[in-house]
Amino acid sequence: MNRKGATEIGAISLIELPQPSNDWHYLRPRTDLGLEITEIDASDSKGSRSCRLIGHPLGWSSPFFVQDVLARNPDCPDQIRIVGRSDDLIVL
């Protein structure tokens, strides 16, 4: 199962035993962090709207915009996959 996190908001994806129906291309964001997934003004080659993840770190007065560009799973909209970046910084 894929894992994703950000220093500012912690682990974004669920840490669980994957179900047989799980599609490893996609992440299932946690629901206990108040994460928001919003559409942005871009679409992929299939015409799907791109999305952005917004977190609300504890103690911050403003939201944190994760710079990954995401796409929803057409068969399960609560799952997302990372398709790129909106900036040019990637830290591994």
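These legends go with a set of close-up views of the predicted model shown above.

Some ground rules before the views: the model is predicted, so local features need pLDDT of at least 70 and side-chain atom pairs count only at pLDDT 80 or more, while totals for chains, interfaces and linings use all residues. Residues are numbered from 1 along each chain as its sequence is written, and side-chain values use heavy atoms, with hydrogens and water left out.

**View 1**
The protein chain has 0 helices and 7 strands, and from the N terminus on its elements read β-β-β-β-β-β-β. Helices (H or I, at least four residues) and strands (E, at least two) are DSSP runs, numbered from the N terminus. Of the 92 residues in the chain, 28% are buried. Here buried is under 20% relative accessible area, exposed is over 50%, and partly exposed is in between (1.4 Å probe, protein chains only). Take the contacts with a separation of 6 or more: residues 24 or more positions apart account for 27% of them. A contact is heavy atoms within 4.5 Å.

**View 1**
The side chains of Arg-85 and Asp-68 form a salt bridge at 2.8 Å, N to O. Asp-68 is buried, at 9% relative accessible area, whereas Arg-85 is partly exposed at 31%. To count as a salt bridge, a side-chain nitrogen of Lys or Arg has to sit within 4 Å of a carboxyl oxygen of Asp or Glu. The structure holds 2 of these.

**View 2. Asp-32 and Arg-30 make another salt bridge.**
Here the side chains of Asp-32 and Arg-30 meet at 2.9 Å, N to O. Asp-32 is exposed, with 55% relative accessibility, while Arg-30 is partly exposed at 23%. Arg-30 also turns up among the contacts of Ile-12.

The largest pocket has a volume of about 190 Å³. Its lining is Lys-4, Gly-5, Ala-6, Thr-7, Glu-8, Phe-64, Phe-65, Val-66, Gln-67, Asp-68 and Arg-85. Strands β1 (5-6) and β5 (64-65) each supply at least two of the lining residues. For the pocket search, a 1 Å grid is laid over the protein atoms alone; a pocket is an open set of points where a 1.4 Å probe fits, with protein on both sides within 12 Å along at least five of seven lines, and lining residues have an atom within 4 Å of a point. Grid points are joined across faces, edges and corners, and the volume is the space filled by probe spheres set on the points.

**View 3. The largest nonpolar core has 11 residues.**
Its members are Ala-6, Ile-9, Ile-12, Leu-27, Leu-35, Cys-51, Leu-53, Phe-64, Val-66, Leu-70 and Ile-80. A nonpolar core is a set of buried Ala, Val, Leu, Ile, Met, Phe, Trp, Tyr and Cys residues joined through side-chain atoms within 4.5 Å. Beyond four places in sequence, Ile-12 touches several residues, including Ala-6, Leu-35 and Leu-53.

Cys-51 is buried at 1% relative accessibility, and Cys-76 is partly exposed at 24%. The structure has 0 disulfides, a disulfide being a pair of cysteine sulfur atoms within 2.5 Å.

**View 4. Ile-54 and Gly-34 touch each other.**
Ile-54 is in strand β4 (residues 49-55) and is buried at 8% relative accessibility. Setting aside neighbours within four places in sequence, Ile-54 contacts Gly-34, Leu-35, Glu-36, Thr-38, Pro-63, Phe-64 and Phe-65. Ile-54 and Thr-38 are 16 residues apart in sequence and 7.6 Å apart in space, C-alpha to C-alpha. Gly-34 lies in the loop between β2 and β3 and is partly exposed, at 41%.

**View 5. Gln-79 is a buried residue in strand β7.**
Gln-79 belongs to strand β7 and is buried, with a relative accessible area of 6%. Among the residues it touches beyond four places in sequence are Asn-22, Tyr-26 and Ala-71. Asp-23, in the loop between β2 (10-11) and β3 (36-43), is partly exposed at 26%. Asp-23 and Gln-79 are 56 residues apart in sequence and 9.1 Å apart in space, C-alpha to C-alpha.
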